[in-house]
Structure formats: C-alpha cells, structure tokens
Amino acid sequence: MLLGVIADDFTGATDIAGFLVENGMRTIQVNGIPSANMQINADAVVVSLKSRSCPTEQAVEQSVAALKWLQAQGCQQFYFKYCSTFDSTAKGNIGPVTDALLDTLGEDFTIVCPALPVNGRTVFNGHLFVLGQLLSESGMRNHPVTPMTNSNLMDLMDAQSRGQTGLINYQSIEQGADAVIGRFAELKAQGKRYAVVDAFKAEHLNEIGKAVSSLKLVTGGSGLAAGIAKNWGEHLQDQTQAKQAGHPAKAPTVILSGSCSIMTNKQVERYKAKAPFLAMDIEQCMSSENYVNEVFDWVVNHLSESLAPIVYATADAEKLKTIQQQHGAEASSQAVETFFSLLAIKLHTYGVRNFIVAGGETSGVVTQSLKVDSFHIGPQISPGVPWVKAINQDLSLALKSGNFGDENFFTTAQGYFS
Ligand SMILES: Nc1ncnc2c1ncn2[C@@H]1O[C@H](COP(=O)(O)OP(=O)(O)O)[C@@H](O)[C@H]1O
Ligand SMILES: O=C(O)[C@@H](O)C(=O)COP(=O)(O)O
C-alpha cells in the first residue's frame, strides 16, 4: 500500500478517492476504521470519518486511530483530507488533527493545501477563494456549523494549531518542485510547522505533488491528489484496473436529494423538467408515520421509467428559512434525514441497486443506513463525484457534495450504467 488518506467527512472521502482513481491509483474507501481484518489489494485506502465538526478530542482520537490502522496496512505516505473551503472553527478540527497526526508520525512539518482549481477553489498569496470570491465573502460565511469569516489561511491555521504557519507563494511554486523543497527548508529553519501553498491551476498542484514526496504527512483538499498520484506513477502496477471495480451496472435507480445548496437547487429544477419527481412534504414527514410508505409506493411506481425518479427535500434559502422558523432547524433536518434513511432501507430491500444522493450529511445517513462498510471507486461523474460500488454487497452510490456537479448532474450520472 502506498498512500493512506484520512478524510473528515463522507462526500469529501469519495471526492479524493475519485481523483486518486482518475490518476491511476487503485483505491478503496472504508467507512470508519474497519474492525475486522480486511485484505486490501489497492494502491491507496481512504478512511472516511465524520470528524469535521464533532468535538475536537473525538476528531483527534478518531484520526489518530485511522492513522495507526493505515500504518498497519503498510501505507508509506499519509494525507489528511479536509474541505476545499477549509470548513473549521477557531478551535478546529483541522489544526488539532494535523498536530496529532504529525506527533504520531514523529514529524515536525507539513503543508496546507485546500486548493481545488477545477471546482473554483484557489489559493493566492495564502488567501482562499471560492469561484473568484474570497472565502469570507462566499456563501461559506453563512455556513450553519463552520462559518468562514476569514480567508487568510495562515491566520486560520495559526488560530487553531500549536505551531506557526508560513507561506509558499505562487512565484516559488512556479519555479518548480526543487524551489518548493528549498522553501520547506527555509520555513523549517524559521521555526514554522506548516506551509500554506498557493495553487490556482493544475500545474501548481503537480509541482507541489512532486515537492511533497519526502513529507510523511500532507494535508489539504482533494486537488493535490492528482499531483500526488502522478508522483507515485512508476510504482503503480495496472492503471487500467483503477476504475473498473467501481463501475455501476444498469439496475433500478433512485435519486434522493437532501442538499439545499444553490447548485443542488439548480440541478433539481433542471431534472424535474424531464423525469418523475416528488417534493417531500415536510409537514407530513414530521407528523405522519405512514408518509414514508406513501413515498416508497410512488417511487416503486416510477422505477421503470427511462430516467430515475427523484425524491427531494431540497429547498431554496427562503423556503428553508420558513420551514426552520416553523419547525426548528434541528428538528426539521433530523426529520428529513430520518425519512431518507427509512426510505433508502425500504427501497434497497425492494431491489433498488443504484442510489444517487445529494448532500454531505444526507449521503452519510443513506450510506450508513444501507450498511455499506467499504467501496470500490468508479468513474467520476463530475470533478469530485465518482460512482462508488459497495464491496460487501450489490449496490452502487453516487454521493454528491452539495456544491459539486453541473446542472445536468443527475442525468449525466445515469449515463455510466453498463
Ligand atoms: N426542506 C428542508 N427542511 C429542513 N431541513 C432540510 C430540508 N432539506 C434538507 N434539509 C437538511 O439540510 C441538511 C443539508 O445538509 P447536507 O446533506 O450535508 O447538504 P450539503 O452538502 O448541501 O451541505 C440536511 O441535514 C438535511 O436533512
Ligand atoms: O473538499 C470539498 O469541497 C469536498 O470534498 C467536501 O468536503 C464537501 O463537503 P460537503 O459540502 O459538506 O459535502
């Protein structure tokens, strides 16, 4: 095993796994730390945790346990994957987890690289941009759990970690990997423990990928995965196998959308024009035990149509606000998640074998309800969203992070069945 990845959430894990496979690494993803002995025949393993916004001690404990498990699998390099929008609070969990991983590995230096230019996440002079807007001016400033109100990655990292952060700006990156390695030495000599690296195009990430080959730990979003995978290129045995194992088959398919992001709203609207759709009734979802059976019957009646039926809770910001004022934010989101969990179980029992799910939390709930413990990674539907196939059962999933994919995503995803 070459590379071990610790991802702080579920869609984030499939995101990086997809890029590793795209770049020739045979990759599997495990949901949490496996309790049983697993025989793993892959170049990379991604462990998905739910550690992004849980209490810091728990995030540290889980991440260190994942690292030790990956070490036991023989991994040679380790990657802490967090969100490309650096989702965290002043307390963490990115800083404390990075510190704990460095300590466990006996290392004293790593990089901070959230950039994912293909999805509009760029770093310029140490500041993070989302589709051309500073992070602090993007929609992330209103995130319910991890509002991002500062775009300066050095400040963000200093506030939540034990050490000090330096910058490797794009001028150094553009001089190539050797110059970057030289900057690592300079920053270390200045007592820095972390280096924020500028990156606003794929070439930057390729140079950073080469430069980090001697670092035991790297941290970042999924963008750097391509650079790192290229770096391992000569060690990879059979690159053609990488995507085969995770390819979805033609089978009954459903779309469950629990994301309220701007992009998911657009995707649902576009899909409704051509496929059977059902908008979840939140009142009924919260008050009627039989509602899930009614929706189940509706889905079953539409499974044989050429495009898969979609059930969605997706609402625009105004509608969501009204629902939250009426029922409470926590209670309504809990009700939606429980509903999707029950519906997914019923549909799977009935024979649905492909699930396209929109939303990070929603994906976590559905995957856990379907008792999937590990995945093969298949082809990418759009950057950061691969098809994945359960290893322990006949089941394929496409887990879409709220903001990812273009407007035709739900139709495009169904073009991969063979
Ligand atoms: N109509 C709705 N009313 C209340 N909560 C909702 C509604 N639709 C979705 N939610 C909740 O909003 C959250 C969306 O989070 P998530 O699935 O992670 O999507 P994203 O990736 O866009 O953040 C989930 O907890 C979901 O249950
Ligand atoms: O890095 C990213 O942007 C994604 O992989 C990711 O982590 C997305 O998180 P959610 O939007 O909460 O799904």
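1. Thr122 has Phe129 in strand S7 as its bridge partner. S7 (residues 127-130) runs antiparallel to S6, and four bridges join the two; strands, like helices, are DSSP runs numbered from the N terminus (H or I, at least four residues, for helices; E, at least two, for strands). The sheet concerned is open and has three strands in the order S6-S7-S8, with antiparallel pairing, where pairing requires that DSSP finds at least two bridges between two strands. Strand S6 (121-124) and strand S8 (133-134) each have a single partner strand and stand at the edges, so one side of each is left without a neighbour in the sheet.

2. The model is predicted: local features need pLDDT of at least 70 and side-chain atom pairs count only at pLDDT 80 or more, while totals for chains, interfaces and linings use all residues. Residues are numbered from 1 along each chain as its sequence is written, and chains are lettered from A and ligands numbered from 1 in the order in which they are written.

3. The domain assignment of the protein chain gives domain 1 (3-239) and domain 2 (244-416), with bounds that come from an automatic or database domain assignment. Their centres, taken over C-alpha atoms, are separated by 28 Å. Domain 1 puts 20 residues into the contact and domain 2 puts in 22 residues; contact here requires C-beta atoms, placed from the backbone, within 7 Å. On the side of domain 1 that touches domain 2, H1 and strand S2 (27-31) each supply at least two residues. H1 gives the most to that side, with eight residues. By class, this side of domain 1 has seven nonpolar, nine polar and four charged residues. In this classification Ala, Val, Leu, Ile, Met, Phe, Trp, Tyr, Cys and Pro count as nonpolar, Asp, Glu, Lys and Arg as charged, and the others, Gly among them, as polar.

4. Which domains give residues to the shell around ligand 2? Both domain 1 and domain 2 do, so ligand 2 lies between them. There are 14 residues around ligand 2, of which Gly12, Asp15, Ser84, Gly360 and Ser401 come nearest; a residue is near if its C-beta atom, placed from the backbone, lies within 6 Å of the molecule. H1 provides the largest share of this shell, three residues. The shell around ligand 2 divides into one nonpolar, 11 polar and two charged residues.

5. Ligand 1 is surrounded by 20 residues, and the closest are Ser259, Ala313, Gly359, Glu361 and Gly402. Helix H12 (317-327), helix H13 (329-350) and helix H14 (360-369) each supply at least two residues of the shell. H13 gives the most, with four residues. The shell around ligand 1 comprises seven nonpolar, 11 polar and two charged residues.

6. Helix H1 (residues 10-22) also packs with helix H8 (residues 224-231), at an angle of about 35° and with the axes 8 Å apart. Axes are lines fitted to C-alpha atoms, for helices over the stretch in contact, and angles run from 0 to 180 degrees between N-to-C directions. Ile16, Phe19 and Leu20 in H1 meet Ala225, Ala226 and Ala229 in H8. The residues of this contact divide into six nonpolar, no polar and no charged.

7. Most residues other than glycine have a negative phi, and most peptide bonds are trans. Gly92 and Asn93 are joined by a cis peptide bond, with omega about 15°; Asn93 has its place in the loop between strand S4 (77-81) and helix H3 (94-105). Phe86 is found in the loop between S4 and H3, and its phi is near 55°, a positive value in a residue other than glycine.

Technical notes
Contact = placed C-beta atoms within 7 Å.
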